[in-house]
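Look over the sequence and the model first.

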Amino acid sequence: MIALRNLYRNWVRNLLTLFGAAVGIAVFVVLISISLTVKASLKSVISAYEGDVVVQSRRSATPASSRITMEHMEALRTLEGVATVTPVVLGSVKTPWSPYFIVFGIPETFSSRFSLIRGRAFREGAAELLLGEKASRAIGVDLGETVNLADREFALVGIYATGAPFIDGAAVGSLEEVRGILDQPEVVNLALLRVRNEIPVQEIIKAIHRTLPRLRATYGADLVDQLQFFRTIDTFAGAISLVALLASCLVVTNTLLMAVWARTREIGILMAVGWSKSLIVRSLLTESLLICILAGVLGNALALFFLRFLVDSGITGLGWVPVVVPSSVFWVSMAICSILGLISGLYPAIVASTLSPAQALRQE
Amino acid sequence: MKLEANVLVKDYEGGVHAVRDVSLAATDGETIALIGPSGSGKSTLLNLLGGLDAPSSGVVLVDAKPLSLFRPLERFRAERIGFVFQFHHLLPQLSLRENVELPMIPLRISFRQRRNRALEIMARLGLENRAEFLPARVSGGERQRCAVARALVNSPDLLLADEPTGNLDSANGRQVMDILLEWTREASATLIVATHDFEMARRADRRIRLRDGSIIANEKNATGGGLGISAKL
């Protein structure tokens with residue numbers, strides 16, 4: 001009761017505090033949401049191909065920067081225990097609708113792995129293309145129309161929807177034609193290996209590392225987590241989030257300390273009428289918790305607004321940025337807010353509880 | 001409640017002797033007026049008697065038990081002591097009723113009971129129509145009556161009032177004093193009131209005169225004290 005009234009009492013100061021803390025939470029939510037969404041999308045690509053092992057060049061930070069030569073591809077095919085090797089080309093091209101439009105190049109036989117909702121699979125060498133549902137909507141093209149990528153015309157023959165925003169905001173074409181668009185002849189970005197059932201996957205990974213030291217092989221499911229790019233992004237997002245959350249914490253602590261100093265006599269009154277130190281601590285922690293939980297809700301709303309702004313403005317690639325905050329991120333952010341609330345309020349609450357009632361009552 | 005103070009001393013940093021060797025005793029139903037000029041130690045003595053401050057030396061006994069042994073002291077204060085201050089000291093963000101409920105919160109009294117008891121005592125003090133008003137929206141007399149209601153709501157057996165009428169006009173001051181005296185008589189409680197007002201002091205059973213932290217006179221009221229002219233609760 002008192003905590004709520006106190007929030008309302010200094011509503012301007014508390015509103016500013018709320019916004020300050022909410023911005024910190026929003027930074028955290030935006031960064032983590034983008035990182036999680038892109039990773040989930042890439043994982044869905046890998047799982048769509050059912051790749052037991054994913055191979056890329058050793059020093060590449062992202063699949064797009066990976067380069068696997070034809071000789072290496074041949075060497076992978078001849079490895080004992082490998083059932084199939086599927087080359088994948090991927091990269092981004094500059095288009096009028098997106099500066100980083102993602103294009104995948106895969107063998108014709110693998111185009112069926114994309115869940116077509118309309119049209120048919122592309123044919124090798126026929127200048128045909130599949131578009132994700134999100135991309136076709138954004139570009140405004142439909143089946144039978146043409147799409148211009150890097151000054152080449154492609155007929156749109158199918159539209160797919162995988163549920164992964166990153167994939168659904170991209171295009172898929174034949175391996176050779178996409179290599180041409182991306183100007184990377186004689187190399188592919190990834191090799192997806194299927195391993196014979198009787199062979200342990202770990203053995204294949206070891207064999208690749210032993211015989212082809214310029215390549216790095218990982219379990220299909222682990223690829224995304226092991227990419228240097230995502231490790232860097234995660235570290236960066238973690239560091240920025242930590243600073244933002246720490247700043248939020250300090251803002252709330254400062255506000256509550258000011259409140260304690262301004263309300264010293266009131267705290268003395270409460271002590272005089274029998275309030276224990278723990279009750280006073282609880283009251284201040286409740287106040288702090290309320291601020292942080294409200295900041296959490298506001299922070300998530302700000303994050304959603306910012307994500308939508310990024311998507312609508314088109315300054316990022318289609319599907320790179322999620323348009324919703326994943327529920328897991330929302331709940332984690334709210335849990336962090338609760339912890340922040342307790343931490344932020346602790347010091348002011350301790351200061352308040354150590355006041356002597358007589359001294360506090362004398363305070364002007 | 002049998003209250004005793006034995007050779008109480010309260011010194012502050014810088015060699016300030018707020019209370020010096022004060023001893024007094026009060027019994028059930030007794031009213032005592034502490035009188036003396038500003039800085040004579042009245043408020044400090046009330047704080048020591050109510051456990052809001054600890055003496056530098058000496059002891060306060062409640063029913064022959066040292067006050068410091070009542071644990072937790074806050075709960076003892078909530079249950080058995082009512083404080084009335086000169087400047088009402090109501091929390092401005094709470095309604096009058098919510099202010100009156102404050103001493104019941106540490107006693108874990110349910111919301112409904114708190115509300116009923118607060119409204120009941122406020123009705124007795126003529127505040128029933130002001131229950132949901134904020135302190136800023138009522139008169140000074142009503143604020144002080146609300147402060148008295150807050151002090152009485154847990155039916156304490158010791159009332160400590162620090163110049164409760166000091167900020168009121170004579171009519172409101174008399175009304176507040178009537179309420180305190182009537183309550184003391186009805187509940188056989190002990191009332192110790194610090195006042196500058198000689199008229200108020202005359203209505204107490206006993207007057208204790210303080211100067212520079214020491215008792216210089218402890219005299220029974222010749223008129224026997226009491227309600228005087230207009231007390232009716």
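## Two packed helices

At what angle do helix α11 and helix α12 of chain A pack? The angle is about 145 degrees, and the axes are 7 Å apart. Helix α11 of chain A covers residues 277-313, and helix α12 of chain A covers residues 327-353. Axes are lines fitted to C-alpha atoms, for helices over the stretch in contact, and angles run from 0 to 180 degrees between N-to-C directions.

The crossing of α11(A) and α12(A) is right-handed (the near helix is turned clockwise from the far one by less than a right angle). Their contact has 17 nonpolar, 10 polar and 2 charged residues. Here Ala, Val, Leu, Ile, Met, Phe, Trp, Tyr, Cys and Pro count as nonpolar, Asp, Glu, Lys and Arg as charged, and the others, Gly among them, as polar.

## About the model

This is a predicted model: local features need pLDDT of at least 70, side-chain atom pairs count only at pLDDT 80 or more, and totals for chains, interfaces and linings use all residues. Residues are numbered from 1 along each chain as its sequence is written, while chains are lettered from A and ligands numbered from 1 in the order in which they are written.

## Chain A as a whole

Chain A has 13 helices and 12 strands. Helices (H or I, at least four residues) and strands (E, at least two) are DSSP runs, numbered from the N terminus.

Of the 364 residues in chain A, 44% are buried (20 or more other C-beta atoms within 10 Å of the residue's own, with C-beta atoms placed from the backbone).

## Where chain A touches chain B

In chain A, 18 residues are in contact with 18 residues of chain B (C-beta atoms, placed from the backbone, within 7 Å). On the chain A side, α10(A) gives the most, with 5 residues. That side divides into 11 nonpolar, 4 polar and 3 charged residues.

Conventions. Buried ≥ 20, exposed ≤ 12 C-beta atoms within 10 Å, placed from the backbone. Contact = placed C-beta atoms within 7 Å.
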